[in-house]
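Welcome, and please take a moment to turn the model around before reading on.

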Amino acid sequence: MSVGEPPFQREITELYSAHHGWLFTWLRRKLGCTHNAADVAQDTFARILHARESVTSIREPRAYLSTTARRLVIDQARRKQIEHAYLQELMLTVETLEGFQSPEQIHTTLEALEHIAFILEGMHDNVRQAFVLYYLEDLTQQQIARHLKLSERTVRKYLIQALLHCSHSVDI
């Protein structure tokens, strides 16, 4: 300790030196974990430092330290309960929203659909129908030919025209 050290700092240093070992041992027995005991002991002295109360007025330092530490342990348990409840609620929310798209995904999908609709508008009716039936409805060329009352060769020709049109529209 230096001579120019403020009285409060000197008091807290003396309190720490005299009682930290005892507090740590007491907490280790109570908590059953060396790491948690060390954390709570440190937090106890930090709280006392933060309070900036005169340490010399403490009549029973061990009772004061154990009460402060006990309150910190209680606060920590409450925080863990709240955190656990929050995480459970968050998991339920995620499960509920699973399968739903985010607003960004919805926006991107709508833009893509608008672009596709714009491209499809530029096609002749039979070409557009053949394209939609083949690529969106998963019908075979033979099924499309029967549905539109066309030959399979004409359906192939329409699908080629549709792909060329899409390719040309993307390049623009």
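A crossing of two helices is left-handed if the near helix is turned anticlockwise from the far one by less than a right angle, and right-handed if clockwise. Helices (H or I, at least four residues) and strands (E, at least two) are DSSP runs, numbered from the N terminus. This is a predicted model, in which local features need pLDDT of at least 70 and side-chain atom pairs count only at pLDDT 80 or more, while totals for chains, interfaces and linings use all residues. Residues are numbered from 1 along each chain as its sequence is written, and side-chain values use heavy atoms, with hydrogens and water left out.

Let us begin with the overall layout. The chain is divided into domain 1 (7-98) and domain 2 (103-171), with bounds that come from an automatic or database domain assignment. Taken over C-alpha atoms, the centres of domain 1 and domain 2 are 68 Å apart.

Now look at helix 1 (residues 7-31) and helix 3 (residues 61-97), which pack at about 45° with their axes 10 Å apart. Helix 1 is therefore oblique to helix 3. Here axes are lines fitted to C-alpha atoms, for helices over the stretch in contact, and angles run from 0 to 180 degrees between N-to-C directions. Angles under 35 degrees count as roughly parallel, over 145 as roughly antiparallel, 65 to 115 as roughly perpendicular and the rest as oblique. Helix 1 passes helix 3 in a right-handed crossing. In contact (heavy atoms within 4.5 Å), residues of helix 1 including W22 and W26 meet residues of helix 3 including L65 and V73.

Helix 3 also packs against helix 2 (residues 34-51), at an angle of about 110° and with the axes 9 Å apart. Helix 2 and helix 3 are therefore roughly perpendicular to each other, and their crossing is right-handed. Among the residues in this contact are F45 and I48 of helix 2 and L65 and L72 of helix 3.

Next, move to helix 5 (residues 125-135) and helix 6 (residues 141-148), whose axes come within 10 Å and cross at roughly 140°. That angle makes helix 5 oblique to helix 6. Helix 5 passes helix 6 in a right-handed crossing. N126, Q129, A130, L133 and Y134 in helix 5 meet Q141, I144, H147 and L148 in helix 6.

Finally, an unreviewed UniProt entry lists residues 119-166 as "domain: RNA polymerase sigma factor 70 region 4 type"; such annotations may be inferred rather than shown by experiment. Over residues 119-166 the chain is 77% helix and 0% strand, with the end C-alpha atoms 6 Å apart.
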